[in-house]
Amino acid sequence: MSTKSNDQGRAYEYICLFTLNAEINKVRKAVIEENSSFHAALHAWNNIDAKLQNTLTESANAAVQTIFDFEPLILEDGDDQLDLKIQPDSEGESGDVRDILIIRRNIQWEIGLSIKHNHFAVKHSRLAKTLDFGEKWFGVKCSDQYWKDINPIFTYLEEEKKKSSKWSDLPDKENDVYIPLLQAFVDELKRSNYANPDIPKKMVEYLLGEFDFYKVISVDNKRMTQINTFNMHGTLNKPGKHKPKETAPIVPLPTRIVSLDFKPNSTNTVELYMDGGWQFSFRIHNAATKVETSLKFDVQIVGMPATIITINCRWK
């Protein structure tokens, strides 16, 4: 993700937090935790132009009422304080994709929002010569065969990096890097899945986090905010004194891999199909102009279970 995109994403986190706080305080007491992540988001907000500020404000306003409709415990009468906070990015690296938390400590209740600005990507994981993606993603160490398969690829990249080569200088990066690296990735996933039947479930929990959340995506060119309900563990959509106006069904996690292979006519993307409607694409790419000794995945959800509800909130 570029610095500009990252800053706009942080700015969107800020205005979503600010809007939530303003609307909740019309009904009950809410307080923002002014941690380092909050100050980073505020700084990003202050560094975008007024036009984009207006756009993001419209987007945040469109989303807030829908979140309230799913979660009556936010506005429910009570003497307790409701806390709002932006989580540090390090939480995402350790399996928590929620950017904003809404917390009521006295009833031990919290929900989270994953905030996205104009993009639908799930993860930006990497493959590297000594990075054990199996252990990091789903707790199963990569096999000796995997390390044997990727070693010549990264040895080649190390040699090109020493020459300060650009990716565009490589004579055939598709056949020398992308295809064999992705094939090694596919083969290792299949080996791990054969020996560990809970790999599909753990894969989704790695890609989407171990905590339930609402994904809030600002789609500026359509003047729309999209909200998806990821209620895999049944912690969202709890009733309070009143039932939720909107329903977020529990989403079953997958139990088996149906298909894992290269996308047709592609040299840099593999597609993963699992039962229950879970579908992901993994596009590998170089994230810099000059050759590096690691490559980044752009992981996208290309299919979701029918129990994930999508609400398109039009801006006024």
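Of the contacts in the chain with a separation of 6 or more, 66% are between residues 24 or more positions apart, where contact means heavy atoms within 4.5 Å. The structure is a predicted model, in which local features need pLDDT of at least 70 and side-chain atom pairs count only at pLDDT 80 or more, while totals for chains, interfaces and linings use all residues. Residues are numbered from 1 along each chain as its sequence is written, and side-chain values use heavy atoms, with hydrogens and water left out.

The chain holds eight helices and 13 strands; helices (H or I, at least four residues) and strands (E, at least two) are DSSP runs, numbered from the N terminus. With a radius of gyration of 21 Å, close to the 20 Å that the globule rule gives for 316 residues, the chain is as compact as a globular protein of that length. Here the radius is taken over C-alpha atoms, and the rule is 2.2 Å times the number of residues to the power 0.38. Along the principal axes, the C-alpha atoms fill a box of roughly 60 × 45 × 35 Å. Buried residues account for 52% of the 316 in the chain; buried means under 20% relative accessible area, exposed over 50%, and partly exposed in between (1.4 Å probe, protein chains only).

Seven strands make up an open sheet with mixed pairing, in the order β1-β2-β3-β4-β7-β8-β13. At its edges are β1 (30–32) and β13 (310–314), each of which pairs on one side only. From one strand to the next, the twist averages 20°. Two strands are said to pair if DSSP finds at least two bridges between them. Strands of a sheet pair through backbone hydrogen bonds, either parallel or antiparallel.

Within this sheet, β3 (residues 100–104) and β4 are antiparallel partners over five bridges, and leucine 101 stands opposite glycine 112 in β4. The hairpin of β3 and β4 has four residues between the strands, and glutamine 108 takes a positive phi near 50° there. Strand β4 is mostly covered, with eight of its nine residues buried. On to β7: this strand runs parallel to β4, and five bridges join the two. Serine 218 in β7 is the bridge partner of histidine 117, and isoleucine 217 in β7 is that of lysine 116.

Seven of the seven residues of β7 are buried, so this strand is largely enclosed by the rest of the structure. In a regular strand the side chains alternate between the two faces of the sheet. In β7, Phe213, Lys215, Ile217 and Val219 point one way, and Tyr214, Val216 and Ser218 the other. Strands β7 and β8 run antiparallel and are joined by seven bridges, with valine 219 partnered by methionine 224 in β8. They form a hairpin with four residues between them, and arginine 223 in the turn has a positive phi of about 50°. Strand β8 (residues 224–230) also pairs with β13 in the antiparallel sense, over five bridges, and isoleucine 227 stands opposite isoleucine 311 in β13.

Helix α3 (residues 50–70) lies across β4 (109–117), β7 (213–219), β8 and β13, and runs at about 35° to β8. Such axes are lines fitted to C-alpha atoms, for helices over the stretch in contact, and angles run from 0 to 180 degrees between N-to-C directions. Glutamine 53 is found in α3 and counts as buried, at 19% relative accessibility. Leaving aside neighbours within four places in sequence, glutamine 53 is in contact with Trp45, Asn46 and Ile48.

Next comes helix α6 (residues 144–162), whose 19 residues reach 27 Å from first C-alpha to last, close to the 27 Å expected at 1.5 Å a residue. That expected span is 1.5 Å times one less than the number of residues. Shortly before proline 152, a kink of about 35° lies at asparagine 151; the bend is the angle between axes fitted to the seven residues ending there and the seven starting there. Buried residues of α6 include Tyr146, Ile150 and Phe154, and the buried residues of this helix pack against β6 (126–128), α5 (133–138), α7 (173–195) and β12 (294–303). Serine 164, with a positive phi near 60°, follows α6.
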